[in-house]
Amino acid sequence: MAEIFIRTFTDDLDGKPIDSGFERRVTFSYQGADYQIDLRPTNADKLEAALAPFIQSAQKVGTAKKNSRTQASTKTAHRSPEQLQAIRDWANSNGYEVSSRGRIKKEIIGAFDASH
């Protein structure tokens, strides 16, 4: 039996469906809080046009930095013990050195994911 999963996006501002491939996920920060919104191209353009004069007049204080510690832990946090053991088994049989306990290097997890 085959299953087909269809992922649809809805514009968070007006609730209208977004055609596949045209979704725009916009992230921004305001007053110390980070936000994310999925928009159709029309609404994304409206947001950019509304913010443009403020951005042009503002002083840039830096770029957003992703917390690598959080990202690394998120990649393995959702994996079950069985999945982690499968990664270890695969790594050992494919020339990677990985211990039977402890953290698995993200390079090894990436290689495992790429091969599967």
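Predicted model: local features only at pLDDT ≥ 70, side-chain atom pairs only at ≥ 80, totals over all residues.

A: Reading from the N terminus, the order is β-β-β-β-α-α-α-α. The protein has 116 residues, and 18% of them count as buried. As for how the chain meets itself, take the contacts between residues at least 6 apart in sequence: 26% of these join residues at least 24 apart.

Now the rings. Searching the whole structure turns up three aromatic pairs. One of them is Trp-90 with Phe-112, an edge-to-face arrangement with 5.7 Å from centre to centre and 80° between the planes. This pair links distant parts of the chain, since Trp-90 sits in helix H3 (residues 81-93) and Phe-112 in helix H4 (residues 106-115), 22 residues apart. Trp-90 and Phe-112 are both buried. Tyr-96 belongs to the picture too: ring pairs tie Trp-90, Tyr-96 and Phe-112 into a cluster.

Phe-28, Tyr-30 and Tyr-35 make a nonpolar surface patch of about 330 Å². Phe-28 lies in strand S3, which covers residues 24-30. Its relative accessibility is 32%, so Phe-28 counts as partly exposed, whereas Trp-90 and Phe-112 are buried. For the surface as a whole, the accessible area is about 10000 Å², with 53% of that belonging to carbon and sulfur atoms.

Asn-43 is part of helix H1 (residues 41-57). Asn-43 counts as buried because its relative accessible area is 5%, under the 20% cut-off. What does the Asn-43 side chain do there? It makes a polar contact of 2.9 Å with the side chain of Asp-11. Leaving out residues up to four places away in sequence, Asn-43 touches Asp-11, Leu-13 and Asp-14.

So, if you're setting up views, I'd pick three: the cluster of Trp-90, Tyr-96 and Phe-112, the patch of Phe-28, Tyr-30 and Tyr-35, and the side-chain contact between Asn-43 and Asp-11.

Key. Residues numbered from 1 in each chain as written. Heavy atoms only, no water. Helix = DSSP H or I, 4+ residues; strand = E, 2+ residues; numbered from the N terminus. Buried < 20%, exposed > 50% of the residue type's maximum accessible area, 1.4 Å probe, protein only. Contact = heavy atoms within 4.5 Å. Areas by Shrake-Rupley, 256 points an atom, 1.4 Å probe, with all protein chains shown as cover. Patch = residues over 30% accessible without salt bridge, like charges linked within 9 Å, V, L, I, M, F, W, Y side chains within 5 Å. Salt bridge = Lys/Arg side-chain N within 4 Å of Asp/Glu carboxyl O. Polar contact = N/O pair within 3.5 Å; in protein donor to acceptor, adjacent residues only side chain to side chain. Phe/Tyr/Trp six-rings, centres within 6.5 Å; stacked < 30°, edge-to-face > 60°.
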